[in-house]
Amino acid sequence: MAKIKKLMPRVVFNKLEKLYQEMQNSYDQVAAETGFTCDGCPDNCCNSFFRHHTRVEWAYFWKGLEQCRPEIRREIVERAGEYVEQMNTDLSQGRDPLIMCPVNFDGWCVLYHHRLMICRLHGVPSTHTAPGGRSREFPGCFRCREKTEHLSHVPRLDRTRFYHQLAWLEQSYVGPKIVKMDRVNMTLAEMIMHGPPFKQ
């Protein structure tokens with residue numbers, strides 16, 4: 001393995017913001033090609049059960065959370081605690097949790113600029129090639145599938161390079177000690193309850 005170089009958090013966050021913009025550009029292109037839009041959707045994907053896997057996104061999200069007004073931050077933390085409690089109950093009973101994200105207020109994400117990669121890429125059809133060469137495809141949300149079911153060729157967003165770049169940013173943020181650390185596997189609510197991944 002090549003030597004892992006740790007970068008200053010502000011440098012990593014700047015690169016992460018640029019990566020997020022590249023994701024948005026690719027997402028917008030596929031959405032335009034498929035005619036997909038979230039406008040008027042009867043569902044809200046913010047109640048989807050997602051786990052996240054990088055400390056760099058976790059830390060960047062917390063940067064946004066700390067910029068919230070104190071009363072909003074307190075409510076988000078309270079909601080996160082309720083989310084984790086309900087999630088654990090659902091999982092213990094063999095159910096997939098279907099709980100609204102703690103940062104969704106009246107149908108809108110109050111930390112939209114700091115949302116994590118999975119939140120950004122969810123919706124449109126996508127594909128991903130794993131390191132071993134195995135390809136996985138995601139059909140998109142139910143509304144996007146309705147938009148694309150008549151198409152002979154469905155445009156897809158290729159997540160592969162985004163995953164690779166995010167993995168590099170994770171190494172750059174954590175530094176050499178990453179090789180001894182467990183992989184992150186947490187919901188956003190758990191990240192909120194835990195606090196930032198590292199104390200600054």
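This report describes the fold, the nonpolar cores and some individual residues of one protein model.

The model is predicted, so local features need pLDDT of at least 70 and side-chain atom pairs count only at pLDDT 80 or more, while totals for chains, interfaces and linings use all residues. Residues are numbered from 1 along each chain as its sequence is written, and side-chain values use heavy atoms, with hydrogens and water left out.

## Overall fold

The protein contains seven helices and five strands. Helices (H or I, at least four residues) and strands (E, at least two) are DSSP runs, numbered from the N terminus. Their order along the sequence is α-α-α-β-β-α-β-β-α-β-α-α. The radius of gyration is 18 Å, close to the 16 Å that the globule rule gives for 200 residues, so the protein is as compact as a globular protein of that length. That radius is taken over C-alpha atoms, and the globule rule is 2.2 Å times the number of residues to the power 0.38. Along the principal axes, the C-alpha trace spans about 50 × 40 × 35 Å.

Of the 200 residues, 45% count as buried. Buried means under 20% relative accessible area, exposed means over 50%, and partly exposed lies in between (1.4 Å probe, protein chains only). The accessible surface comes to about 11900 Å², and carbon and sulfur atoms hold 52% of it. Accessible areas come from the Shrake-Rupley method with a 1.4 Å probe, and for residues only the protein chains shown count as cover.

A contact means heavy atoms within 4.5 Å. Among contacts with a separation of 6 or more, 79% are between residues 24 or more positions apart.

The protein has 28 positive and 23 negative charges, and their mean positions are 9 Å apart. Lys and Arg count as positive and Asp and Glu as negative, while His and the chain ends are not counted. The place of a charge is NZ of Lys, CZ of Arg, CG of Asp or CD of Glu.

## Nonpolar cores

In soluble globular proteins, nonpolar side chains tend to be buried together. A nonpolar core is here a set of buried Ala, Val, Leu, Ile, Met, Phe, Trp, Tyr and Cys residues joined through side-chain atoms within 4.5 Å. The largest such core has 31 residues, of which M117 and Y173 touch the most other members. Two or more residues of this core come from each of α1 (9-34), α2 (55-65), α4 (117-121) and α6 (160-174). The most, nine residues, come from α1. Another core lies apart from this one and has 23 residues, including I99, V103, M186 and L188.

Not counting residues up to four places away in sequence, M117 touches Y20, M23, E57, Y163 and L166.

## Individual residues

The table gives the relative accessibility of selected residues.

| Residue | Relative accessibility | Class |
|---|---|---|
| G94 | 68% | exposed |
| D106 | 77% | exposed |
| D158 | 40% | partly exposed |
| E170 | 6% | buried |
| T187 | 1% | buried |
| M191 | 0% | buried |

The contacts listed below leave out residues up to four places away in sequence.

E170 is in helix α6 and touches H53, T54, R55, V56 and I178. T187 sits in the loop between α6 and α7 (188-194), where T187 touches F49, F50, R51, H52, Y83 and M87. M191 belongs to helix α7. The contacts of M191 are H52, T54, W58, W62, L116, V184 and M186. Between M191 and D28, 163 residues apart in sequence, the C-alpha distance is 28 Å.

D158 lies in strand β5 (residues 157-158) and touches T127 and H128.

G94 is in the loop between α3 (70-92) and β1 (104-105). From G94 to K6, 88 residues apart along the chain, the C-alpha separation is 40 Å. D106 is in the loop between β1 and β2 (108-109). Most residues other than glycine have a negative phi. D106 is not a glycine, yet its phi is positive, at about 55°.
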